[in-house]
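User: I have a model open and would like to go through it with you. Can we start with the loops and then move on to the ligands?

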Amino acid sequence: MRSQHRVFATLTCAALLALTGIVLMSSGAAQSVSEQPEMTFWHPPGPHVMGTPRGPAPFPYDAARWHPIHFQPAISQATNAQCLACHQEVVAQRVRSVTPAGLRTEDTLAWYQTLEVYEGEQETFHRRHLVTPMATELMNLQCTTCHQGNDPREEASGGAADTQEGLILRKHVDPNICLMCHGKFDYEVMNLPGPWHQHAEMFGNSCTGCHAAFRTTRHDVNFLKAEAIEAAGERSADSCYGCHGGRSWYRIAYPYPRNAWPGMPEAVPEWARERPTESQERFRTHSESTPTAGATAGSQ
Ligand code: HEC
Ligand code: HEC
Ligand code: HEC
Ligand code: HEC
Ligand code: HEC
């Protein structure tokens, strides 16, 4: 009982504070800009609408920051347009042409940015994955492909009974997502004698030569454009290699799911025992197929 009273008292206090806030805000004309809370001018659907005045009134910063769209389960349903309503900056902002120290952008290139496959001027991380020509040709990344919701107050799951599941320690995005396209080229499982850049010629500089027979059920996921990828791969193995070793920011390879393909041998190789037999559920564009015999889906 007593704790309920305390909760009630706290809530009343909070409500009073909020009211004071509104009063302060409405007399805001007299205040300097820096004293005012930051505002966003977008009204998301949901309970907040009830608490805000009708019409195009400002949306308080904290309500936007803590809007349920940032957290599960709402975030998994969110569209790019909904996120961009508040976060235009992630695609609108461009890199500086000169660093604050005075170095010109075109003189400060990373080694991979000097390669032939690196197109155009330097771009921000988000633009490289969402709006550059290569991004739109081969990929269909959504905000929520990478962002699954992080709780800015609670950064690890399991600290209390009600913490969000799947939090990834101060990171906004699970690095395993990046690893799918930025892992090492796994020549061992392909029975190749060594890294691709040393042996590509032996295989006619083609991935699709072998991969017309192996693992042909591929890229059937909602963040990739499977047909465009095959077309690009026919033109040049570099396109395939770009996501499978050519931009490896990691020293490990991603353990890809092993989707059954026509003519797949019955026996599961030793290295593939623990592999999932389906792409992650949230990425799938097809309905679940019958699990293949022998493979113990490590799932996730
Ligand atoms: C109602 C406006 C609004 C919407 C809609 C919105 N955000 Fe935000 N978001 C904010 C505000 C405000 C912040 C705090 C920004 C800051 O402090 O710099 C924020 C912060 C973030 C952060 C940084 C989190 C951190 O821990 O620092 C990420 C990532 C983010 N939003 C992603 C998203 C994604 C993805 C979506 C769509 C699912 C989305 N947001 C929708 C307003 C919004
Ligand atoms: C390819 C994966 C990926 C995609 C797609 C993506 N993001 Fe991010 N986003 C990231 C990463 C990684 C960070 C930096 C996280 C960190 O610092 O821990 C980030 C950071 C952010 C932040 C925090 C502010 C900042 O600039 O650091 C916001 C806001 C944000 N993203 C919004 C979005 C929105 C909106 C979309 C869709 C239009 C989107 N992101 C798409 C990976 C992605
Ligand atoms: C679906 C595949 C895919 C995923 C997932 C992905 N990337 Fe990328 N990434 C690419 C491609 C393709 C490019 C090259 C785009 C281009 O050159 O226009 C790229 C480029 C980059 C670059 C180079 C940017 C530059 O302009 O120099 C960095 C850094 C990067 N990715 C980091 C990440 C991180 C970190 C994550 C996870 C948060 C991530 N990527 C997730 C495919 C992906
Ligand atoms: C000599 C034939 C051959 C060539 C050339 C080849 N691969 Fe493979 N690849 C294989 C075989 C065999 C497997 C494993 C098949 C299985 O799962 O049983 C494989 C598996 C893969 C996998 C899945 C790895 C995993 O851990 O599940 C990817 C991704 C892949 N190849 C990409 C490529 C790319 C990209 C190229 C070109 C840069 C390429 N391959 C060139 C034969 C080849
Ligand atoms: C834009 C990035 C990108 C490009 C380009 C790309 N891949 Fe992939 N590839 C991926 C991702 C991400 C996955 C894992 C998808 C999933 O979870 O099912 C994957 C999975 C695979 C697999 C495993 C398929 C399975 O489910 O068993 C093979 C084999 C493969 N790719 C070969 C290729 C070949 C060959 C090319 C060129 C024709 C290519 N990739 C081009 C990103 C890419």
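**Loops, ligands and core**

Analyst: Threonine 79 is a place to begin: it lies in the loop between helix 4 (74–77) and helix 5. Keep in mind that this is a predicted model.

User: Is threonine 79 buried or exposed?

Analyst: Threonine 79 is exposed, because 11 other C-beta atoms lie within 10 Å and the cut-off for exposed is 12 or fewer.

User: How far is the C-alpha atom of threonine 79 from that of threonine 144?

Analyst: The two C-alpha atoms are 7.8 Å apart, although threonine 79 and threonine 144 are 65 residues apart along the chain.

User: Which loop holds asparagine 205, and which one holds arginine 215?

Analyst: Asparagine 205 is in the loop between helix 11 (196–199) and helix 12. Arginine 215 is also in the loop between helix 11 and helix 12. Asparagine 205 is not a glycine, yet its phi is positive, about 50°. Arginine 215, not a glycine either, has a positive phi of about 50°.

User: Switching to ligands. What comes nearest to ligand 5?

Analyst: Arg215, Gly233, Cys240, Cys243 and Ser279, out of 28 residues around ligand 5. Helix 10 (175–182), helix 12 (226–235) and helix 13 each give two or more residues to that shell. Helix 13 has the largest share, four residues. By class, the shell around ligand 5 has 13 nonpolar, 11 polar and four charged residues.

User: And which residues come nearest to ligand 4?

Analyst: Met190, Cys207, Cys210, Cys240 and His244, from a shell of 23 residues. Helix 13 (residues 237–243) gives the largest share here, three residues. The shell around ligand 4 has 16 nonpolar, four polar and three charged residues.

User: Which residues are closest to ligand 2?

Analyst: Cys83, His87, Cys143, Cys146 and His172, among the 16 residues that surround ligand 2. Two or more residues come from each of helix 5 (80–87), helix 7 (125–130) and helix 9 (143–146). Helix 5 gives the most, with four residues. The shell around ligand 2 is made of eight nonpolar, seven polar and one charged residues.

User: What makes up the largest nonpolar core?

Analyst: Five residues: Trp196, Cys207, Ala237, Cys240 and Tyr241. Three of them come from helix 13, the largest share of this core. Beyond its neighbours within four places in sequence, alanine 237 is in contact with Ala200, Asn205, Ser206 and Cys207.

User: How much of the protein counts as buried?

Analyst: 9% of the 300 residues. The secondary structure comes to 13 helices and two strands.

User: Last one. What is the average pLDDT?

Analyst: The average is 79, and 75% of the residues score at least 70. Over residues 1–56 the pLDDT is below 50, and this stretch has 29 contacts in the model beyond near neighbours in sequence. Residues 289–300 are also below 50, with 20 such contacts.

Definitions and conventions: Residues numbered from 1 in each chain as written. Chains lettered and ligands numbered in written order. Predicted model: local features only at pLDDT ≥ 70, side-chain atom pairs only at ≥ 80, totals over all residues. Near = placed C-beta within 6 Å. Nonpolar A, V, L, I, M, F, W, Y, C, P; charged D, E, K, R; others polar. Core = buried A, V, L, I, M, F, W, Y, C linked by C-beta atoms within 7 Å. Buried ≥ 20, exposed ≤ 12 C-beta atoms within 10 Å, placed from the backbone. Contact = placed C-beta atoms within 7 Å. pLDDT = per-residue confidence, 0-100.
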